[in-house]
Amino acid sequence: MRRLSIAAFVLLGLTVAVALVILVAPNANANPDGLERVAAEQGIDTGAVDHALADSPLADYGVDGVDHRYAGTWVAGLVGVAVAFTIVTALLLVVRRARGSAPEASSSATA
Amino acid sequence: MIGMHIPDGFIDGPTSLVAGLIAIAAVAWCVRRTTDTLEDRHIPVVGLAAAFIFAAQMLNFPVASGTSGHLLGGVLGAVLVGPWAGALAVTVVLVVQALVFADGGLSALGLNVVNMAVVGSFVGYAVYLMLRRMFGARPSSVTGAAGIAAFVVPIVTSILFTVEYAIGGNDAVSIGSLAGAMVGVHALIGIGEGLITGLAIGAVMTMRPDLVYGARDVGPRAAAAILRGATS
């Protein structure tokens, strides 16, 4: 079997992440998660306040004003996947440039 | 609401502030170490780890009646790209979730980063290394050790949360009872965490085992060395 290049591997991985967002995320279990459930049962959530950004357009992994269950989750998920990938990759590239050369003199950012 | 990290108002300001300072120091160290050691061509793989963990955290699975769980991702990131880069990837996911998706409190961000990114990655990787040494240098050991370490981490994280709550919790509750409830539900979440992590690491091991940080000493060359050792 021919070995995948790193670029192809990353693209494949991002495709899987996008597929999970499109196909699985809208049907994710909507029950409170472990912490939320325990917090309510044990009474440690009495001081909980609304999130300071609760009115932001993508709050709670939906799109403000979009009631369609799938569309809101899709947009939120795709934005999150893209933003997470871009911030991490850009941050490391920028810091690497600022701090000098890479180990093993590998200068190619694509492979 | 399909996901919830520690929100604002659970744990008091001073405790959150200390966690925030620890988080900043730890993440700065992780950025430094990652950019010192990671090859340029591997940088997008760290981005992929963050993107995948973000997507996987949206996939809440049922763990008990009326309760769900989702991947934390510490072991997945640490085994794939190393604990330093992995902690960084999970940190960015948590920051994006808090700032863009209103998931996880802003004052609690440091607590969430310490618990899920820093402790999740480093304690998770330590457990992984211990298990992998026990299992031997085979590709299947990588997948198995990653899965079991990923089962352990949510339990560790839930105990850590309980300790933080004992220090700075805003409600006076029984800490023993809180610990029992947290560990019980996170042991169940750990089963899902272990399965997802094992599946993901197993998939990468079939495609590009050389990209798996936790498998750097496992592979054709390492296997040949072991065989030579066994027959000499």
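Me: How many residues does the contact take from chain B and from chain A?
Reply: The contact takes 73 residues from chain B and 72 residues from chain A, where contact means heavy atoms within 4.5 Å. This is a predicted model, in which local features need pLDDT of at least 70, side-chain atom pairs count only at pLDDT 80 or more, and totals for chains, interfaces and linings use all residues. Residues are numbered from 1 along each chain as its sequence is written, chains are lettered from A in the order in which they are written, and side-chain values use heavy atoms, with hydrogens and water left out.

Me: And what area is buried between chain B and chain A?
Reply: About 6300 Å², with carbon and sulfur atoms giving 68% of that. Buried area is the accessible area (1.4 Å probe) that two parts lose on being put together, summed over both.

Me: How many salt bridges are there between chain B and chain A?
Reply: Four salt bridges, each being a side-chain nitrogen of Lys or Arg within 4 Å of a carboxyl oxygen of Asp or Glu. One salt bridge joins the side chains of A:Arg97 and B:Asp40 (3.7 Å, N to O).

Me: Which elements of chain B supply the side that touches chain A?
Reply: Those giving at least two residues each include α1 (13–37), β1 (61–64) and α7 (175–207) of chain B. The largest share, 11 residues, comes from α2(B). Helices (H or I, at least four residues) and strands (E, at least two) are DSSP runs, numbered from the N terminus.

Me: How many salt bridges over all chains?
Reply: Eight. The side chains of A:Arg3 and B:Asp210 form a salt bridge at 3.2 Å, N to O. This pair crosses between chains, from the segment before α1 (6–24) of chain A to the loop between α7 and α8 (220–231) of chain B.

Me: New topic: where does α5(B) bend?
Reply: At B:Val119, by about 40°; the bend is the angle between axes fitted to the seven residues ending there and the seven starting there.
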